[in-house]
Amino acid sequence: MTDLVNLQAKDPFAEDDDVATTGKTSTKVHVRVQQRNGRKSITTIQGLSSDLDLKLILKELKKSFNCNGSIVEDKELGTIVQLQGDQRDCVKKFLLEEGLVGKENLQIHGF
């Protein structure tokens, strides 16, 4: 009866803090889109490692996607990168190509 996945004592929502063999943390990076007003939207990137140079990453994102963006500090969520428009697919491609996040640690949200 204990070999059922649903009855095990492991918390599925617990975050693992192990460092993989590639040096990347196993925490999830969340890419979301938020609707503003009308057709306007914002793409947010949450969960990037604190040892990365976020200003340089933001500069490259803005340059390659031709959009504006900013870095927001939040007490509960940490550092969040915001970009204008729905840039989810572009951000996913950028993060994977640059090797900043592993595919298993990247979570895309939105409609």
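Predicted model: local features only at pLDDT ≥ 70, side-chain atom pairs only at ≥ 80, totals over all residues.
**Entry: helix 1**

I began with helix 1, which has twelve residues and reaches 16 Å from its first C-alpha to its last, close to the 16 Å expected at 1.5 Å a residue. I then looked up its buried residues and found Leu54, Ile57, Leu58, Leu61 and Phe65. Viewed down the axis of helix 1, these buried residues fall within an arc of 100°, so they line one face of the helix. As for what the buried residues pack against, I listed strand 2, strand 3 (69-74), strand 4 and helix 2. Just after helix 1, I recorded that Asn66 takes a positive phi of about 55°.

**Entry: helix 2**

I repeated the search for helix 2, where the buried residues are Arg88, Val91, Phe94 and Leu95. They cover an arc of only 130° around the axis, which puts them on the same side of helix 2. The face turned away from that buried side carries Asp89, Lys93 and Glu97, which are exposed. When I asked what covers the buried residues of helix 2, the elements I found included strand 1, strand 2 (41-46), helix 1, strand 4 (78-84) and strand 5 (106-108). Just after helix 2, I noted Gly99, which takes a positive phi of about 75°.

Phe65 lies in helix 1 (residues 54-65) and Phe94 in helix 2 (residues 88-98), so the pair ties together parts that are 29 residues apart in sequence. I also checked burial here, and both Phe65 and Phe94 are buried.

**Entry: His30**

Last, I turned to His30, which I located in strand 1 (residues 29-35). Is His30 buried or exposed? I found a relative accessible area of 17% for His30, and His30 is therefore buried, given that the cut-off is under 20%. Leaving out residues up to four places away in sequence, I listed Thr44, Ile45, Gln46, Gln107 and His109 as the residues that His30 touches. With His109, I also recorded a polar contact of 2.9 Å that joins the side chains of the two histidines.

Definitions and conventions: Residues numbered from 1 in each chain as written. Heavy atoms only, no water. Helix = DSSP H or I, 4+ residues; strand = E, 2+ residues; numbered from the N terminus. Buried < 20%, exposed > 50% of the residue type's maximum accessible area, 1.4 Å probe, protein only. Polar contact = N/O pair within 3.5 Å; in protein donor to acceptor, adjacent residues only side chain to side chain. Contact = heavy atoms within 4.5 Å. Arc of directions from axis to C-beta. Expected span 1.5 Å × (residues − 1).
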